[in-house]
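Thanks for coming. I have one structure to walk through today, so please look at the screen.

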Amino acid sequence: MNSSVSKLLGASLFVMAAAPLGAVADGAADYKTACFACHDTGVAGAPKLGDTENWAPRIEQGVDTLYKHAIEGYQGKAGYMPPKGGSTLSDEAIKGVVDYMVAQSQ
Ligand code: HEC
């Protein structure tokens with residue numbers, strides 16, 4: 001195999017490996033770009049990823065409310081959640097991240 005072909009093959013294998021495998025993997029990647037700054041550390045009252053106690057009453061509201069709050073933004077008792085976390089992600093991508101956050105936090 002000549003070297004440019006093998007480089008190309010290597011590059012496309014890399015892209016395939018990095019490509020999201022489904023909604024959960026997708027959400028995890030978007031979480032790391034748009035949401036982790038607040039939700040990993042709990043900055044400004046953000047519920048931490050994996051903090052089941054903090055998330056339980058939020059999850060009880062139903063996932064549609066969580067989607068709405070994540071997409072449109074929301075002023076809660078703990079702090080202010082900016083619309084889409086200040087990102088330019090699509091509504092569908094935000095829903096994927098919310099699904100990921102809920103799955104990690106219950
Ligand atoms: C600038 C900090 C910040 C960023 C960035 C951020 N959030 Fe938040 N988020 C908050 C805060 C603060 C709250 C808690 C508000 C409250 O309940 O008082 C919150 C709450 C939430 C909730 C719970 C809403 C509810 O009804 O209880 C969800 C879901 C959420 N964020 C999703 C996301 C997603 C998805 C992203 C990334 C696209 C994101 N957040 C990025 C600060 C942030």
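Let me start with a check on helix 6. It has 14 residues, and at 1.5 Å a residue these should span 20 Å; the end C-alpha atoms are 20 Å apart, so the two agree. Keep in mind that this is a predicted model.

Now the whole chain. There are 6 helices and 2 strands. Along the sequence the order is α-α-α-α-α-β-β-α. The chain has 106 residues, and 17% of them are buried. Look at the contacts with a separation of 6 or more: 62% of them join residues 24 or more positions apart.

How confident is the predictor? The mean pLDDT of the chain is 86, and 76% of the residues reach 70 or more. Where pLDDT is low, the predicted coordinates should not be read in detail.

Next, the core. Which residues make up the largest nonpolar core? There are 12 in all: Tyr 31, Cys 35, Cys 38, Ala 46, Leu 66, Ala 70, Met 81, Ile 94, Val 97, Val 98, Tyr 100 and Met 101. As background, nonpolar side chains tend to be buried together in soluble globular proteins.

Back to helix 6 itself. Its buried residues are Ile 94, Gly 96, Val 97, Val 98, Tyr 100 and Met 101.

Take Val 97, which lies in helix 6. Buried or exposed? Val 97 has 28 C-beta neighbours inside 10 Å, so it counts as buried; the cut-off is 20 or more. Setting aside neighbours within four places in sequence, Val 97 is in contact with Gly 27, Asp 30, Tyr 31 and Cys 35. Val 97 and Asp 30 are 67 residues apart in sequence, yet 6.5 Å apart in space, C-alpha to C-alpha.

Not counting residues up to four places away in sequence, Tyr 31 touches Phe 36, Val 97, Tyr 100 and Met 101.

For contrast, helix 4. How many of its 9 residues are buried? The count is 0, so helix 4, residues 52-60, is hardly covered. Just after helix 4, Gly 62 takes a positive phi of about 100 degrees.

Now the loop between helix 3 and helix 4. Asp 40 sits there. Asp 40 has 14 other C-beta atoms within 10 Å, so it is partly exposed. Beyond its neighbours within four places in sequence, Asp 40 is in contact with Lys 48 and Leu 49. Asp 40 and Gly 50 are 10 residues apart in sequence and 8.8 Å apart in space, C-alpha to C-alpha.

Last, the ligand. How many residues surround the ligand? The number is 33, and the closest are Cys 35, Cys 38, Gly 76, Gly 79 and Gly 85. Helix 3 (36-39), helix 5, strand 2 (80-81) and helix 6 each supply at least two residues of this shell. By type, the shell divides into 20 nonpolar, 10 polar and 3 charged residues. Cys 35 and Cys 38 also belong to the largest nonpolar core.

That's the tour.

Key:
Residues numbered from 1 in each chain as written. Predicted model: local features only at pLDDT ≥ 70, side-chain atom pairs only at ≥ 80, totals over all residues. Helix = DSSP H or I, 4+ residues; strand = E, 2+ residues; numbered from the N terminus. Contact = placed C-beta atoms within 7 Å. Core = buried A, V, L, I, M, F, W, Y, C linked by C-beta atoms within 7 Å. Near = placed C-beta within 6 Å. Nonpolar A, V, L, I, M, F, W, Y, C, P; charged D, E, K, R; others polar. pLDDT = per-residue confidence, 0-100. Expected span 1.5 Å × (residues − 1).
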